[in-house]
Amino acid sequence: MTIAVLSDIHANLEALDVVLEYIERCGCDRIICLGDVVGYGPNPNECIERLRMRADRVLLGNHDHAAIGLTDPMTFNRYARQAIEWTGETLTPSSRKFLQQLPATCQEESCLCVHASPYAPLDWRYISSVSQAALEFRHFDEAFCFIGHSHVPLVFCLRGNRVLRLHKSSLQLERQARYIINVGSVGQPRDGNPQAAVGIWRPQQRIYELCRLDYDFQTTQKKMRTLHMPAYLVERIAHGR
Ligand code: ZN
């Protein structure tokens, strides 16, 4: 069994298509999307349609939640807010319906999946440090938890009562340890690498690998400029920041 885990597509169709082609080539049996299908990018309806056809599970992200009017856009910075407002006006009724029925969490094999954090999935907390990860490990029972939200790939490992941050993109998952794994972002990476990210998990072999893929971000940028999206959002996808 091979499972692809992806997150934070952010309406970037060029990045999503490259990731979906890669998943196909890898012969993945299942596709799990951890949310934020929309927000920031120019193709929210198209990305929803792709995932509706291809993904086995799609979770709710904070931008999805805001685009359908369930989070106050004032809680976002002005660039994100502008994108959320545009997305809200652009969603078709069927896309809106799709986002409305997304769950906040799911279980897959020995794993919990959630957009932001296991402790309070709809509070949209970030898990960026060892101390935050230590707290979160107390709030789920599964061996691992896959997350997205920060757009920065990270692995936290709990061995005994010690939490470590692992700087590896490929892991043999230890039986005695537990993990929180951030799979990074398909459509707006923020770790300094503009390539689209996707996690490939082989539960029987206990192997996890984060793959990075080139995509044509110039085309995405051109679409964003045509739609008069904020220059800051257009520029950042070229730099992965
Ligand atoms: Zn996001």
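Two strands are taken to pair if DSSP finds at least two bridges between them. With that criterion in place, this predicted model can be described through an open sheet of six strands with mixed pairing, a hairpin formed by strands S4 and S5, and the packing of helix H2 with helix H1 and with helix H5.

**The six-stranded sheet**

- The strands of the open sheet follow the order S3-S2-S1-S11-S12-S9, and their pairing is mixed; strand S3 (57-58) and strand S9 (170-172) form the edges, each of them pairing on one side only.
- Within this sheet, strand S11 (residues 196-202) and strand S12 (residues 207-213) are joined in the antiparallel sense over seven bridges, and isoleucine 200 has glutamate 209 in S12 as its bridge partner.
- Helix H1 packs on the sheet, where it touches strand S1 (3-6), strand S2 (30-33), S11 and S12, and the direction of H1 makes about 25° with that of S11.

**The S4-S5 hairpin**

- Strand S4 (residues 105-108) pairs with strand S5 (residues 111-114) in the antiparallel sense over four bridges, and glutamine 107 has leucine 112 in S5 as its bridge partner.
- Two residues lie between the strands of this hairpin, in which glutamate 109 adopts a positive phi near 50°.
- In a regular strand the side chains alternate between the two faces of the sheet.

**Helix H1 against helix H2**

- Helix H1 (residues 13-25) and helix H2 (residues 44-54) pack with their axes 10 Å apart and at an angle of about 15°, which makes H1 roughly parallel to H2, since angles under 35 degrees count as roughly parallel.
- The crossing in which H1 passes H2 is left-handed.
- On the H1 side the contact involves Leu13, Leu16, Asp17, Leu20 and Glu24, which meet Glu46, Cys47, Arg50, Leu51 and Arg54 of H2; by class, the residues of this contact comprise five nonpolar, no polar and five charged.

**Helix H2 against helix H5**

- The axes of H2 and helix H5 (residues 93-100) come within 10 Å of each other and cross at roughly 55°, and the two helices are therefore oblique to each other.
- This crossing of H2 and H5 is also left-handed.
- Asn45, Ile48 and Arg52 of H2 make the contact with Ser94, Ser95, Phe98 and Leu99 of H5, and the residues of this contact divide into three nonpolar, three polar and one charged.

How values were computed. Residues numbered from 1 in each chain as written. Predicted model: local features only at pLDDT ≥ 70, side-chain atom pairs only at ≥ 80, totals over all residues. Heavy atoms only, no water. Axes fitted to C-alpha atoms, helices over the stretch in contact; angles between N-to-C directions. Parallel < 35°, antiparallel > 145°, perpendicular 65-115°, else oblique. Left-handed = near helix turned anticlockwise from the far one by under 90°. Contact = heavy atoms within 4.5 Å. Nonpolar A, V, L, I, M, F, W, Y, C, P; charged D, E, K, R; others polar.
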